[in-house]
Amino acid sequence: MSLQEQLNTAMKEAMRAKDSLRLNAIRLVKSAIKNKEIEARQEFDDQAVIGVLSSLVKQRRESAQVYRDSGRADLAEKEEREMAVIQEFLPQQLSEVEIKAIIEAAVAETGAASARDMGKVMKIVTAKTVGRADGRMVSELVKARLA
């Protein structure tokens with residue numbers, strides 16, 4: 001079952017269960033995917049949908065942090081609950097050890113030796129971790145490895 005079909009099924013279940021938070025989060029995801037499809041003028045496959053889901057999770061994480069810094073814990077919690085719903089549709093997240101193994105393989109493949117080679121390494125690592133790891137954490141691990 002494709003991710004879009006899973007989203008449709010989950011939306012129907014949320015409607016039946018009268019779970020408004022889950023329903024709103026799924027509608028938001030479907031709307032974001034549709035907008036990106038219109039922008040790209042093509043239907044998205046699962047890989048492209050994972051990219052959209054990843055960006056939505058990142059937005060929620062950043063918004064929750066801003067709300068917490070502003071003293072709005074209620075809004076931060078809402079963002080975090082929406083983020084949890086969106087993450088259900090993403091593939092299993094990679095552990096730090098798995099990410100480091102991917103980084104080591106990319107460093108060996110590119111022959112990277114210093115921080116100047118970070119772009120080459122990030123290109124390979126990002127392609128392998130999209131939707132399965134936080135980009136900021138990946139970037140920090142690559143920086144640490146090349147430092």
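Predicted model: local features only at pLDDT ≥ 70, side-chain atom pairs only at ≥ 80, totals over all residues.
Colleague: Okay, helices first. How do α1 and α2 cross?

Modeller: Helix α1 covers residues 3–17 and helix α2 covers residues 20–40; their axes come within 9 Å and cross at roughly 150 degrees. That angle is over 145, so α1 and α2 count as roughly antiparallel to each other.

Colleague: And is the crossing of α1 and α2 left-handed or right-handed?

Modeller: The α1 and α2 crossing is left-handed.

Colleague: Which residues meet there, α1 against α2?

Modeller: From α1 you have Gln 4, Leu 7, Asn 8, Ala 10, Met 11, Ala 14 and Met 15. They meet Arg 22, Leu 23, Ile 26, Arg 27, Val 29, Lys 30, Ile 33 and Glu 37 in α2. The residues of this contact divide into nine nonpolar, two polar and four charged.

Colleague: Let me pick Arg 22 from that list. Is Arg 22 buried or exposed?

Modeller: Arg 22, which lies in helix α2, has a relative accessibility of 18%. The cut-off for buried is under 20%, so Arg 22 counts as buried.

Colleague: What is Arg 22 in contact with, leaving aside its neighbours within four places in sequence?

Modeller: On that count, Arg 22 is in contact with Ala 10 and Ala 14, and also with Val 85, Glu 88 and Phe 89. Ala 10 and Ala 14 are among the α1 residues that meet α2.

Colleague: Nice. Now the other arginine I was curious about: where is Arg 60?

Modeller: Arg 60 is in helix α3, residues 46–69. Arg 60 is buried, with a relative accessible area of 9%.

Colleague: And what polar contact does the side chain of Arg 60 make?

Modeller: The side chain of Arg 60 makes a polar contact with the side chain of Glu 82, at 2.9 Å. Not counting residues up to four places away in sequence, Arg 60 touches Leu 28, Glu 79, Glu 82, Met 83 and Ile 86.

Colleague: Changing topic: how do α5 and α6 cross?

Modeller: The axes of α5 and α6 come within 9 Å and cross at roughly 140 degrees. An angle over 145 would be needed for roughly antiparallel, so α5 and α6 are classed as oblique to each other. Here the crossing is right-handed.

Colleague: Which residues meet between α5 and α6?

Modeller: Ile 102, Ile 103, Ala 106, Val 107, Glu 109 and Thr 110 in α5 meet Lys 120, Val 121, Ile 124, Val 125, Lys 128 and Thr 129 in α6. That contact has seven nonpolar, two polar and three charged residues.

Colleague: What sits in the loop between α5 and α6?

Modeller: Arg 116 is one of the residues there. At 80% relative accessibility, Arg 116 counts as exposed. From C-alpha to C-alpha, Arg 116 is 34 Å from Phe 44, and the two are 72 residues apart in sequence.

Note on methods. Residues numbered from 1 in each chain as written. Heavy atoms only, no water. Axes fitted to C-alpha atoms, helices over the stretch in contact; angles between N-to-C directions. Helix = DSSP H or I, 4+ residues; strand = E, 2+ residues; numbered from the N terminus. Parallel < 35°, antiparallel > 145°, perpendicular 65-115°, else oblique. Left-handed = near helix turned anticlockwise from the far one by under 90°. Contact = heavy atoms within 4.5 Å. Nonpolar A, V, L, I, M, F, W, Y, C, P; charged D, E, K, R; others polar. Buried < 20%, exposed > 50% of the residue type's maximum accessible area, 1.4 Å probe, protein only. Polar contact = N/O pair within 3.5 Å; in protein donor to acceptor, adjacent residues only side chain to side chain.
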